[in-house]
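Here are my notes for a first look. Please keep the sequence and the 3D view side by side while reading.

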Amino acid sequence: MGDLADLTVAEAAAGLRKGDLTAVELLEAVNRRAAMTEANLHAYLTVDREGSARAAVAADASLNAGKDPGPLHGIPVALKDNMVTRGLETTCSSKILSGYLPPYDGTAVTRLRDGGAVIFGKTNLDEFAMGSSTENSAYGTSRNPWDPETVPGGSSGGSAAAVAAGSALVAFGSDTGGSIRQPAALCGIVGMKPTYGLVSRYGLIAFASSLDQIGPLTRTVEDAVAALEVVGGYDPLDSTSYPGAVPDYRSGLDSGVSGLRVGVVTELNGTGIDPEVQAAVDATIARLEQAGATIVQLSLPSVEYALSAYYLIAPAECSANLARFDGVRYGLRRHGETVEQMMSNTRAEGFGPEVTRRILLGTYALSAGYYDAFYGQAQRVRTLIIRDFEAAYQQADVLVSPTSPTTAFAIGDRTADPLSMYMSDVCTIPSNMSGDPAISVPIGLDSSGLPIGFQVMAPALGEPVMFRVAAEVERQAGFDARAPYASSEAR
Amino acid sequence: MAYEPVIGIETHVELTTDSKMFCGCQVNFGSPPNTNVCPVCLGLPGALPVVNARAVEYAMTIGLALNCSIAEHSVFARKNYFYPDMPKNYQISQYDEPLCVEGHLDVEVGEETSRVGITRVHMEEDTGKSTHIGEGGRIQAASHSLLDFNRAGVPLMEVVSEPDIRSAEQARAFVSELRGAILRLGVSDAKLEEGSMRFDANVSLRPVGAEEFGTKVEVKNMNSLRSLQRALEYEIERQAALLDAGEAVVQETRHWDEEAGSTSGMRSKEEAFDYRYFPEPDLVPVAVDDEWRKRVAQSLPELPAQSRARYVAMGLEPTTAGLIARDVEAGAVFESAVAGGGEAQTVANWLTGEVTALLRKTETGLAASPIDGAALAALAGMVADRSLSASAAKEVLAGVAAGEGSPEEVATARDLIQVSDSASLEPVIDEVLAANPEALEKLRSGDGKVMGFLIGQVMRATGGKADPGAVSRIIELRVG
């Protein structure tokens with residue numbers, strides 16, 4: 001057996017059950033890998049050595065006792081640092097939460113612990129999940145394991161880098177406008193945003209409540225299924241949680257795409273997409289057709305306004321969600337002569353420039369006299385997007401596009417121009433606006449050796465068909481390259 | 001010039017649900033600070049609200065009692081402003097789609113009934129409590145402040161009236177009627193002094209006969225019905241004086257000072273508040289279907305106005321009926337006493353007079369006192385069969401209240417049973433008449449003044465136990 005850190009979740013789970021390896025050995029392998037890669041990649045903000053060691057020992061003991069709580073049992077897991085973990089520092093990569101120890105676990109975290117997962121650490125992100133590169137982290141930029149001079153994407157960049165580098169077998173992130181899928185694409189792994197409401201948001205530090213969704217970053221589509229099985233399902237603590245039963249995602253994974261209609265969205269392909277990326281996507285579409293899918297070209301006219309509407313709705317919600325960080329009860333506090341001064345000083349020092357920009361944008365969009373022209377109008381666009389998707393799903397079972405218009409870009413390339421950074425999410429934002437599931441699957445490398453991601457979108461609760469198509473894309477692509485900076489011979 | 005006041009009232013009521021509006025924390029006043037708290041009501045990062053269905057039901061109850069329509073679909077919104085005792089720096093409230101709309105409440109002032117429109121009834125969460133340490137207890141001068149979040153997230157309901165009120169007295173009657181209804185519904189303890197029911201008033205003046213509203217002033221900090229009436233009377237006079245002097249009324253919020261008996265403008269804000277309301281994305285709309293609405297409607301108890309009408313039909317004077325109807329405990333005792341055979345007006349008079357005075361003296365509530373329906377029925381029976389005089393009945397009541405036993409036991413022990421049967425009284429009366437022939441003669445010749453003298457003589461002879469009415473009747477027969 002090679003390095004255990006390079007196993008997929010499915011392989012490790014099988015090995016654990018056969019007795020070929022133990023959770024403690026798996027954790028040791030991940031620890032070794034992290035020790036080797038972290039200096040270059042900075043995927044993690046916090047590693048919980050004691051907690052993960054205890055969890056691994058407990059996982060082995062319970063397996064020996066004949067218990068099997070599920071597919072992530074004994075598997076080292078990384079969590080984006082906006083998922084609250086009891087007693088384990090949770091910062092959202094913000095100075096304002098420096099040293100913050102939550103007194104409770106979020107629902108997804110509780111389900112992971114109950115499922116025997118070994119929580120290894122907390123990964124880096126753009127501050128409060130606002131960004132597409134992790135360059136907005138107050139604790140330093142994470143780097144792409146394929147080329148440390150480039151970004152890993154964002155905002156779940158640390159999670160993507162960890163999985164690509166082997167310092168976690170699976171990671172969780174949050175996706176508000178593409179924050180799971182885009183970094184997964186840039187790091188050559190699978191990243192999936194579930195249907196809004198499928199995974200409880202309880203314990204996810206909110207960026208934009210109506211768009212945020214927790215999801216997995218994994219090396220394979222099958223592993224994404226395993227991860228979703230553990231964290232998904234109704235939670236009474238989240239009023240927007242989907243109340244139905246979680247369907248079977250696995251049975252269709254080997255069914256192929258014969259007879260399925262695959263819609264190619266005109267507005268998300270071609271224009272504005274890097275030619276090398278589009279060529280790889282087109283080749284993948286052709287292979288799906290060869291595998292028996294019917295390709296349908298279709299249009300989502302309102303999607304052109306998705307980015308603009310998103311940048312009103314998300315900042316509006318964030319302006320309220322982030323109001324609680326005021327220095328009164330927890331986190332950073334900077335003295336002031338009056339309570340207003342204290343709050344103002346705390347927030348001015350605690351929030352970075354991108355967070356400040358979005359709070360200002362959102363506050364403005366909601367203010368008296370502007371509400372209808374900005375926030376109200378954006379909500380109307382959102383309704384149109386939902387309708388366009390509904391119509392499209394009459395003609396196609398899934399929709400496809402590139403995940404990101406480009407492969408990983410150089411660190412510093414887009415920091416001076418927020419708009420160019422915002423464009424990174426042009427293909428991923430529409431699914432957040434509609435609340436539908438979407439997944440990014442790696443399909444190859446560009447001429448610089450950087451990974452390209454392929455996006456499969458499905459209607460609400462359409463995860464089974466989405467996974468089915470994604471599994472076919474994965475098989476057809478045969479993508480098995482390893483990130484150079486994940487190997488033991490890291491340069 | 002003569003002006004007509006135009007008044008609207010906003011009332012906040014803390015609901016007495018077991019748990020808070022959006023989390024499972026206990027609603028329990030008087031707990032040590034920050035003990036009834038959790039990630040949700042502390043607004044910790046990542047926590048999410050979940051609507052308390054019982055609170056919705058309580059608010060619906062009030063809406064139905066106020067004749068409102070219940071929205072099938074109502075929406076929570078975020079009201080954004082920074083304040084240290086508000087954990088999220090936004091309050092979850094209802095804004096443009098409240099639970100209950102377009103109702104009314106009938107209010108009686110004297111003999112006159114008027115209808116006050118109810119614009120809306122909506123739900124929201126309460127804030128925590130700040131205690132400012134330092135000069136004056138105000139945040140501006142405080143050296144530091146203590147925060148208690150036990151109250152944060154307690155369900156609040158806001159009732160907004162139409163500007164249909166035309167006098168301070170009517171405003172007082174409105175709040176009193178509303179409070180009576182809330183108490184009867186059992187959804188809040190509605191204590192004005194403790195702040196579980198609080199109200200603000202918007203008041204403006206316009207020339208009598210004018211259609212257009214004048215500039216309104218919001219008056220705050222009134223914590224009793226009396227202070228509401230005084231504050232409004234003051235404010236109406238203040239505005240009238242301004243208008244008479246040709247000055248403009250400034251739109252502002254004014255603070256009522258109970259001791260000074262005046263209102264004063266609150267520190268002016270540098271800018272008007274913009275609460276930036278938007279729909280709360282963490283909550284789905286509250287859906288009330290027909291079945292739920294009907295179930296709540298059917299569970300509504302009789303409201304004070306309905307009780308009052310019934311009591312009037314039972315023979316009570318409207319004023320007494322109103323007083324009894326407004327008090328849940330008095331109503332229960334009254335009804336039980338009447339059911340036990342007590343004469344309605346007699347029982348009601350005791351309840352609103354003697355009993356109230358006794359309870360006030362001993363600082364006990366009616367429910368905790370030994371005075372119950374059975375006792376009042378027995379007492380009324382003794383007065384009706386003339387074995388007790390009206391004044392003796394009051395003495396008996398005091399004895400019952402003091403725990404000395406049933407009315408019969410107290411009357412016997414205190415030797416208050418009066419003699420009214422002819423067989424016992426006639427021999428005594430005949431003796432008195434025989435001993436006072438001159439008086440008897442005067443009475444026969446039509447001089448009624450001596451009747452009192454003769455009754456007094458009989459009373460003296462019986463040690464005060466004779467029933468004066470019976471004595472008078474027998475003497476008249478003898479004179480016949």
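1. On the side of H3(B) turned away from its buried side sit the exposed residues Arg226(B), Glu237(B), Ala241(B) and Asp244(B). Bear in mind that this is a predicted model.

2. Now turn to the other face. Leu228(B), Gln229(B), Ala231(B), Leu232(B), Glu235(B) and Gln239(B) are buried in H3(B). They span an arc of only 165 degrees around the axis, so they lie on the same side of H3(B).

3. What covers these buried residues? The cover includes helix H2 (168-185) and strands S1 (3-14), S11 (197-207), S12 (217-222), S13 (253-257) and S14 (262-265) of chain B.

4. Check the length. Helix H3 of chain B has 20 residues (225-244), which should span 28 Å at 1.5 Å a residue. The C-alpha atoms at its ends are 28 Å apart, so the two values agree. Gly246(B) follows H3(B) and has a positive phi, near 80 degrees.

5. Next, the sheet in chain A. This open sheet has 11 strands with mixed pairing, ordered S1-S3-S2-S4-S6-S5-S10-S11-S9-S7-S8. Strands S1 (44-47) and S8 (294-298) of chain A are at the edges; each has a single partner strand, so one side of each has no neighbour in the sheet. From one strand to the next, the twist averages 25 degrees.

6. Last, one pairing within chain A. Strands S5 (residues 190-193) and S6 (residues 214-218) of chain A run antiparallel and are joined by 2 bridges. Which residue of S6(A) is the bridge partner of Gly191(A)? Look for Leu217(A).

Key:
Residues numbered from 1 in each chain as written. Chains lettered and ligands numbered in written order. Predicted model: local features only at pLDDT ≥ 70, side-chain atom pairs only at ≥ 80, totals over all residues. Pairing = 2+ DSSP bridges. Helix = DSSP H or I, 4+ residues; strand = E, 2+ residues; numbered from the N terminus. Axes fitted to C-alpha atoms, helices over the stretch in contact; angles between N-to-C directions. Expected span 1.5 Å × (residues − 1). Buried ≥ 20, exposed ≤ 12 C-beta atoms within 10 Å, placed from the backbone. Arc of directions from axis to C-beta. Contact = placed C-beta atoms within 7 Å.
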